[in-house]
Amino acid sequence: MLHASAIDPTPTVLPLPPIRVVAAPGDADRRTGNVHDHRSREVLLTRIAGLLDVGIGEPVEDATLHVPGDAIEAAVAKDLGIRRRDQILGGVVPAAFVATKAITHGLLHPDARCPPLWSPAMAGLMGDAALTGYTAFSRADALAAGRALLANGPVRIKDVCAKAGLGQVVVHDDAALADALSREDDADLAHCGIVLEENLTEVVTYSVGTIQLPARTISYWGSQNLTRDHQGREVYGGSDLYVVRGGLDTLAAEPLLPAIARAVACAGAFDRAAQLAYPDLLLTRRNYDVIEGIDAAGARRIGVLEQSWRVGGASGAEIAAFEALRDEPDTHAVRCSTVEIYAEIDPPTGATVYFRGVDPRVGPMTKYAVRLA
């Protein structure tokens, strides 16, 4: 069982050096990615700089807060001069796969294929903080893992690098499993891996996170909302967050409903396990998606789906919370939201608009953050 004691202690408050806020190399490349993502990143950088009362611009030796769009590998961080937590909002990982869904589950057996630096200790350290599932780095291992899981019900197959709820398929029998895996590229499987886990129904997804900026730390729990994109797919539609000052231990001490307390404990267990299994991690933005639902046997289950060690969909609400708590030093907690809608709408009064317009790839869209209470 998981307990609040599994959660890391409140992190040391970071000092506030004379810094500049910069995007990581490649984030400014407008030839790749969606326009709405690039515009949102620009607004986010501006809000962070305003929150810290610093500038945006070229890196300055030992005085730069890097805000990468993804967790970055240690070799890249070294080239950028990132050595301390006060130099990054996001995460530094020893290998690219460590930042993906791949580490959520263990291998089917000790001799299964895996990349260098894979930690077999991670799954054991998590205990029951994740759903029943496996990670595989070959088609043969994925087939064997899927068949083992099918014995107890439907299986969800997940692209470990996909975002916004995309790149997933649920299979109900061996033929569907084999068909789904036949479409996977062998080289991609060996490099990135694939996740197979039990499928839940009647689900709700919680977000649990903690973020450190120079001289301040917040933590939160929240729920994710779904919306439909212009292709009719159910995708990420925003997050509603309850935010407190301090670390995950402070959040765990709040008077939480049992399911939410369990979600916070699961996130804390995953967070602790990851940092024990991969001790070279450098993390200042940690967000964990935790799912609650019904398994094939009718039992209610809860567990971590994945981690996000980068600025993401909830970051607008996180910065809105930082701003509110800065402006109201006696306020203990605030509620903030991000909203993503696949249409051009007028956001509510007081909202920070991250994007409103027509994205050439996804069509009309509006993204904003707002304080609720």
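Two strands count as paired if DSSP finds at least two bridges between them, and strands (E, at least two residues), like helices (H or I, at least four), are DSSP runs numbered from the N terminus. The model is predicted, so that local features need pLDDT of at least 70 and side-chain atom pairs count only at pLDDT 80 or more, while totals for chains, interfaces and linings use all residues. Residues are numbered from 1 along each chain as its sequence is written, and side-chain values use heavy atoms, with hydrogens and water left out.

**Exercise 1.** Determine which strands pair with strand E14 and how they run.

*Solution.* Begin with strand E10 (residues 201–213), which is joined to E14 by 9 bridges and runs antiparallel to E14; here Thr201 stands opposite Ile294. Turn next to strand E15 (residues 300–308), joined to E14 by 8 bridges, again antiparallel, with Glu292 opposite Ile302. Finally, follow the chain from E14 to E15: the two form a hairpin with 5 residues between them, and Gly298 in the turn has a positive phi of about 90 degrees.

**Exercise 2.** Decide whether the residues of strand E14 are buried or exposed.

*Solution.* Apply the cut-offs for relative accessible area: buried means under 20%, exposed over 50%, and partly exposed in between (1.4 Å probe, protein chains only). Then consider both faces: Arg285, Asn287, Asp289, Ile291 and Gly293 point one way, whereas Arg286, Tyr288, Val290, Glu292 and Ile294 point the other way, and all are buried. Because 10 of the 10 residues of E14 (residues 285–294) are buried, the strand is largely enclosed by the rest of the structure.
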